[in-house]
Amino acid sequence: MGLNFLISIKIHGCVIKYIMGNERQTFKHSKNNLFFVIDDIMISRKIFERFSREFLDALDVDVAIAGAGPSGLVAGKYLGKSGKNVVIFERKLSVGGGMWGGGMNFPVIVVQEKSKHILEEAGVRVKDEGDGYFTADSVECVSKLCALAIDAGVKIFNSMSVEDVLIKNKRVNGFVINWSAVEIAKLHVDPLTVRAKYCIDATGHAAEVCRIVERKTGELKVKGEKSMDAADGEKTVVENTKEACPGLYVAGMAANAVFGSPRMGPIFGGMLLSGKKAAEIIMKKL
Ligand code: 48F
């Protein structure tokens, strides 16, 4: 509520009503019609006001996730669905990480029987190709996994990178974030900090958050991923989904990078199951 003034002007039979003050809006009355007249500054105001509200809500959360690839989106979805306050920071403008391109840019991914339910819960049309192999359209997968995470209440901030962690009592207690544009332009701009009860590194092959912890605290050793072996990679990515150091969990390809297991290419069942496992472990602790 604020102080508002109503200004009413009649031009060529049209009554223009302009409300000045906090509730600023312009309406044009013409005969029985009411037209909404767009104010450029109101657009800026609405964007900034909503962003501010949502960003304030993200400053102190249950779970903060770095990376909105398949493992991060799935972890977020299950945590969000259980009522936890979850935020994902994604460096790029787009979510989905390495899922969009399927295999070598053929926009199809492969999943196994035991993981296909995660795609089906999102409404993805999974095709049985025989012999235990199932396929899905990679663009459909990203779109629907993202929609499911958002519908579960997860807030995704794109174009924001995790550049450090918040450490308290030798435990990871949150992320230090900055605009990706600042990072890319190498501008000397100090970041902001968010607190989280639990953090997940879902940054993919680079395992960026774990590498930061390794470099700055020495508490963690990132072994580095091994060459392609789909069978072993798919098994180990789920096994490796765990707490990498106090307060910080790893999911997806980051888990195999930290614990020195193989990559697996465009079979995504392990990514989905890893995201789900990370969420389940953290849900038990919250
Ligand atoms: O790479 P990505 O898709 O990770 P994932 O969930 O899935 C791996 C598969 O895509 C594929 C594979 C499956 O067989 O091997 O590679 O493990 O998604 C990681 C996301 O994290 C973002 C990055 O832009 C991508 O969207 N990311 C990376 N570093 C940061 C980050 C960072 N420091 N801050 C924020 N986002």
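Val63, Ala75, Phe175, Ile200, Cys210, Ala254 and Val258 touch the most other members of the largest nonpolar core, which has 74 residues. Such a core is a set of buried Ala, Val, Leu, Ile, Met, Phe, Trp, Tyr and Cys residues joined through C-beta atoms within 7 Å; a residue is buried if 20 or more other C-beta atoms lie within 10 Å of its own, exposed if 12 or fewer, and partly exposed in between, with C-beta atoms placed from the backbone. The model is predicted: local features need pLDDT of at least 70, side-chain atom pairs count only at pLDDT 80 or more, and totals for chains, interfaces and linings use all residues. Residues are numbered from 1 along each chain as its sequence is written.

- Ile200 is in contact (C-beta atoms, placed from the backbone, within 7 Å) with Val63, Ile65, Ala66, Gly72, Ala75, Tyr249, Ala251 and Ala278, leaving aside neighbours within four places in sequence.
- Helix 6 spans residues 208-217, and its buried residues are Glu208, Val209, Cys210, Ile212 and Val213. Helices (H or I, at least four residues) and strands (E, at least two) are DSSP runs, numbered from the N terminus.
- Gly218, which follows helix 6, has a positive phi near 70 degrees.

**Shell around the ligand**

- Gly67, Gly69, Gly97, Gly204 and Gly252 come nearest to the ligand among the 32 residues around it, where a residue counts as near if its C-beta atom, placed from the backbone, lies within 6 Å.
- Two or more residues of the shell come from each of helix 2 (70-81), strand 6 (86-90), strand 11 (160-168) and helix 8 (253-259).
- Helix 2 gives the largest share, three residues.

- Three strands form an open sheet in the order 7-9-8, with antiparallel pairing; strands pair if DSSP finds at least two bridges between them.
- Strand 7 and strand 8 (127-128) stand at the edges with a single partner strand each, so one side of each is left without a neighbour in the sheet.
- Five bridges link strand 7 to strand 9 (residues 133-137) in the antiparallel sense, with Gln112 partnered by Tyr133.
- Strand 8 and strand 9 are joined by two bridges and run antiparallel; here Asp128 stands opposite Phe134.
- Helix 4 (residues 138-151) packs on the sheet, touching strand 7 and strand 9.

Conventions
Contact = placed C-beta atoms within 7 Å. Axes fitted to C-alpha atoms, helices over the stretch in contact; angles between N-to-C directions.
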